[in-house]
Amino acid sequence: MSRISTYVNFPGNAEAAFLFYQSIFKTEFVNGIQRFEELPVDVNQPPIPESIKQQVLHIELPLINNHILMASDAPAELGFTVSTGNNMHICVEPDSKVEAQRIFDGLSDNAVITMPIQDMFWGAYYGTLTDQFGINWMISFTAK
């Protein structure tokens, strides 16, 4: 089923923020909290620093009316710089890979592609971009 969600990046305090949001919205995390230590080893990438292994790789919390708030920490140790304006994305999750590609291609007009849409290790067909108006987008299709 397709859905729209909001994706937020944090500079290391995603878990604290989401525990706070959970206390307000009184909902449960979808699939718990995934941490950086759960990333598969990739011989083409440096190992995950010990200092960030317990940080949040991905978390989802239902808010109201089927809206999902998702997040991850974006550690400086991995080259991220989180600041107001670059820390939020609109995440579009269409019903098919074809539709995901169509949306990504459409939004790509005069955009900055931050991650080309491609099959990812977690099973999604996923890509990110900043459109010509400065809005950050994540397009993600996962076969159910």
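## Helix α1 and what follows

Helices here are DSSP runs of H or I with at least four residues, strands are runs of E with at least two, and both are numbered from the N terminus. Just after helix α1, Lys 26 takes a positive phi of about 55°. The model is predicted, so local features need pLDDT of at least 70, side-chain atom pairs count only at pLDDT 80 or more, and totals for chains, interfaces and linings use all residues. Residues are numbered from 1 along each chain as its sequence is written, and side-chain values use heavy atoms, leaving out hydrogens and water.

Look along α1 itself, residues 14–25. Ala 14, Ala 17, Phe 18 and Gln 22 are buried there (under 20% relative accessible area, with exposed over 50% and partly exposed in between, using a 1.4 Å probe and protein chains only). They cover an arc of only 135° around the axis, which puts them on the same side of α1 (the arc is that of the directions from the helix axis to the C-beta atoms). Their cover includes β1, β3 and β4.

In α2 (residues 97–107), the buried residues are Ala 100, Ile 103, Phe 104 and Leu 107. These fall within an arc of 100° seen down the axis, so they line one face of the helix. Val 98, Arg 102 and Gly 106, on the other side, are exposed.

## A hairpin of strands

Strands β6 and β7 run antiparallel and are joined by five bridges (strands pair if DSSP finds at least two bridges between them). Val 112 stands opposite Thr 130 in β7. Four residues lie between the strands of this hairpin, and Gly 123 in the turn has a positive phi of about 100°.

How values were computed. Expected span 1.5 Å × (residues − 1). Contact = heavy atoms within 4.5 Å.
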